[in-house]
Amino acid sequence: MLWKEIKTWAKSKGYETLKDKDDGQYYWAKLDSDASGVASSVSKLALAIYNHMTDNKWINHQKEFKEKLEIKKAEISDY
């Protein structure tokens, strides 16, 4: 992902983004709320904004996948 693409996408969704050249961090903030965050890469910035927009949909998806994987591992080890 390119920085310019994420910056444009975030702006279209109502977010402000900033790249700090000194420390290499990416900052984001929702323009109409107090929500904000810091990411160490462009992909993590996009993921953080997406999670904020969707009320952590991606994080919940990952948790469900991990739980299902643990169940399958337990079933397999029973054999």
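Mentor: Start with pairing: two strands pair if DSSP finds at least two bridges between them. Helices (H or I, at least four residues) and strands (E, at least two) are DSSP runs, numbered from the N terminus. This model is predicted, with local features needing pLDDT of at least 70 and side-chain atom pairs pLDDT 80 or more, while totals for chains, interfaces and linings use all residues. Residues count from 1 along each chain as its sequence is written, and side-chain values use heavy atoms, leaving out hydrogens and water.

Trainee: How do you know that strand 2 and strand 3 pair?

Mentor: They share four bridges, in the antiparallel sense. The rule asks for at least two, so they pair. In one of these bridges, A29 has S36 of strand 3 as its partner. Five residues lie between the two strands in their hairpin.

Trainee: What makes strand 1 and strand 2 a pair?

Mentor: Five bridges, again antiparallel. That meets the cut-off of at least two, so the pair stands. T17 is opposite W28, and K19 is opposite Y26. This hairpin has six residues between its strands, and G24 there has a positive phi near 75°.

Trainee: Which strands stand at the edges of the sheet, and why are they called edges?

Mentor: The sheet is open, with three antiparallel strands in the order 1-2-3. Strand 1 (15–19) and strand 3 (36–39) each have a single partner, so one side of each lacks a neighbour in the sheet. From one strand to the next, the twist averages 15°.

Trainee: How do you know which way helix 1 runs across the strands?

Mentor: Angles run from 0 to 180 degrees between N-to-C directions. Helix 1 (residues 3–12) lies across strand 1 and strand 2, at about 155° to strand 1. Helix 2 (residues 42–53) packs on the sheet and touches strand 1, strand 2 and strand 3, making about 15° with the direction of strand 2.

Trainee: Is K30 called buried or exposed, and what is its value?

Mentor: Buried means under 20% relative accessible area, exposed over 50%, and partly exposed in between (1.4 Å probe, protein chains only). K30 has 18%, so the word is buried. K30 belongs to the covered face of strand 2, with Y26 and W28. Y27 and A29 form the uncovered face.

Trainee: What makes the approach of K30 to Y15 a charge over a ring?

Mentor: NZ of Lys or CZ of Arg must be within 6 Å of the ring centre and within 35 degrees of the ring normal. The charged end of K30 is 4.7 Å from the centre of the Y15 ring and sits over that ring.

Trainee: Why is the W3 and Y26 pair given its name?

Mentor: Rings of Phe, Tyr and Trp (its six-membered ring) pair with centres within 6.5 Å; planes under 30 degrees apart are stacked, over 60 edge-to-face, the rest tilted. The count comes to two aromatic pairs. W3 and Y26 have centres 5.2 Å apart and planes at 50°, which makes them tilted. W3 lies in helix 1 and Y26 in strand 2, so the pair ties together parts 23 residues apart in sequence. Y26 is buried too, at 9%.

Definitions and conventions. Contact means heavy atoms within 4.5 Å.
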